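Welcome! Here is a short briefing to read alongside the structure, with the main points grouped by topic.

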Amino acid sequence: EIFESVDASGMETLLKNLEVKSRRAFLDSVVKAIAAIRDRSSNSHEREASNGAESEQKLVAEQRDDLSNVEAATTQASQFLDKSPVVALIFARQGAEAIAKHLYRFLGHERGGKPAKKMTLEDLLLPVRNSDTPDVLKHCLQTLQAFGNFSAHDQDDQSRYLTKSLAEPLVKILNEASNIYREWLREKRSSNPG
């Protein structure tokens with residue numbers, strides 16, 4: 001009934017007013033969003049400055065978690081050796097990635113660089129190669145990456161070769177890599193206490 005009493009020119013005026021109000025509301029929302037982002041950014045910088053010690057504690061906790069990820073991946077890889085050697089190899093690769101992430105953080109690369117959790121194992125292997133970790137650890141991680149990647153992708157008829165006989169030594173390599181890395185960490189921490 002309201003629209004029936006409005007003539008064509010009145011309807012056009014009404015629509016223009018609605019459009020202007022809609023655009024104004026949209027722009028107001030954009031301005032508010034920009035202000036909220038600026039506030040959040042400045043608050044974030046203030047929190048970062050005041051929470052330096054808390055961030056360091058969080059980093060240490062994350063490093064511990066990455067080593068527990070190594071243990072979990074190793075356990076799962078062992079459990080799948082009989083059921084599915086392909087899955088065992090994928091878990092072995094995950095364990096290698098967890099070691100590489102831990103090393104990346106331990107070396108301090110995450111503080112000024114890309115977060116380890118957003119990096120691929122391929123990306124993480126460069127800092128591993130450039131580190132002073134034992135060469136045998138580097139070779140173990142590269143081997144696990146190669147077989148893990150192979151296992152994780154369709155290989156047509158080649159996957160029939162991914163048997164327990166092949167997967168078992170690779171899971172052992174993960175165990176040894178973990179042991180070598182832990183020993184290296186102990187040596188580093190004892191030579192650089194604090």
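Read along the sequence, this chain follows the pattern α-α-α-α-α-α-α. That gives 7 helices and 0 strands. Keep in mind as you look around that this is a predicted model.

**The chain as a whole**

- The chain has 194 residues, and buried residues make up 29% of them.
- Consider the contacts in the chain with a separation of 6 or more: 69% of them are accounted for by residues 24 or more positions apart.

**How α3 meets α5**

- Helix α5 covers residues 121-129, and α3 packs against α5 at an angle of about 50°, with the two axes 9 Å apart.
- That angle makes α3 oblique to α5.
- The crossing in which α3 passes α5 is left-handed.
- On the α3 side, the contact is made by Arg 93, Ala 96, Glu 97, Ala 100, Lys 101, Leu 103 and Tyr 104.
- On the α5 side, the partners are Leu 121, Leu 124, Pro 127 and Val 128.

**How α5 meets α6**

- Helix α6 spans residues 135-152, and its axis comes within 10 Å of the axis of α5, crossing at roughly 170°.
- So how do the two helices run? The angle makes α5 roughly antiparallel to α6.
- Here too you can look for the handedness: α5 passes α6 in a left-handed crossing.
- From α5, the contact uses Leu 121, Glu 122, Leu 125, Val 128 and Arg 129.
- From α6, the contact uses Lys 138, Leu 141, Gln 142 and Gln 145.

**How α6 meets α7**

- The axes of α6 and α7 cross at roughly 145° and come within 9 Å.
- This crossing of α6 and α7 is left-handed.
- The residues of α6 that make the contact are Val 136, Leu 137, Cys 140, Leu 141, Thr 143, Leu 144 and Phe 147.
- The residues of α7 that make the contact are Leu 166, Leu 170, Ile 173, Leu 174, Ala 177, Ile 180 and Tyr 181.

**Aromatic rings**

- The structure holds 3 aromatic pairs.
- One of them joins Phe 106 and Trp 184, whose ring centres are 5.6 Å apart. With 70° between the planes, this pair is edge-to-face.
- Phe 106 lies in helix α3 (residues 85-106) and Trp 184 in helix α7 (residues 164-191), so the pair ties together parts that are 78 residues apart in sequence.
- Are these two partners buried or partly exposed? Phe 106 counts as partly exposed, at 25% relative accessibility, whereas Trp 184 counts as buried, at 5% relative accessibility.
- Phe 106 and Trp 184 also belong to one aromatic cluster with Tyr 181.
- There is a charge to find by another ring: the charged end of Lys 83 sits over the ring of Phe 80, 5.1 Å from the ring centre.

**Two residues to look up**

- Where is Ser 178? Its place is in helix α7.
- Ser 178 counts as buried because its relative accessibility is 9%, and buried means under 20%.
- Which residues does Ser 178 touch, leaving aside its neighbours within four places in sequence? Ser 178 is in contact with Val 70 and Ile 99.
- Thr 120 has its place in the loop between α4 (109-112) and α5.
- With a relative accessible area of 41%, Thr 120 is partly exposed.
- Thr 120 and Glu 97 are 23 residues apart in sequence, and in space they are 8.0 Å apart, C-alpha to C-alpha.

Terms used: Residues are numbered from 1 along each chain as its sequence is written. This is a predicted model: local features need pLDDT of at least 70, side-chain atom pairs count only at pLDDT 80 or more; totals for chains, interfaces and linings use all residues. Side-chain values use heavy atoms; hydrogens and water are left out. Rings of Phe, Tyr and Trp (its six-membered ring) pair if their centres lie within 6.5 Å; planes under 30 degrees apart count as stacked, over 60 as edge-to-face and the rest as tilted. Helices (H or I, at least four residues) and strands (E, at least two) are DSSP runs, numbered from the N terminus. Buried means under 20% relative accessible area, exposed over 50%, partly exposed in between (1.4 Å probe, protein chains only). A charge sits over a ring if NZ of Lys or CZ of Arg is within 6 Å of the ring centre and within 35 degrees of the ring normal. Axes are lines fitted to C-alpha atoms, for helices over the stretch in contact, and angles run from 0 to 180 degrees between N-to-C directions. Angles under 35 degrees count as roughly parallel, over 145 as roughly antiparallel, 65 to 115 as roughly perpendicular and the rest as oblique. A crossing is left-handed if the near helix is turned anticlockwise from the far one by less than a right angle, and right-handed if clockwise. Contact means heavy atoms within 4.5 Å.
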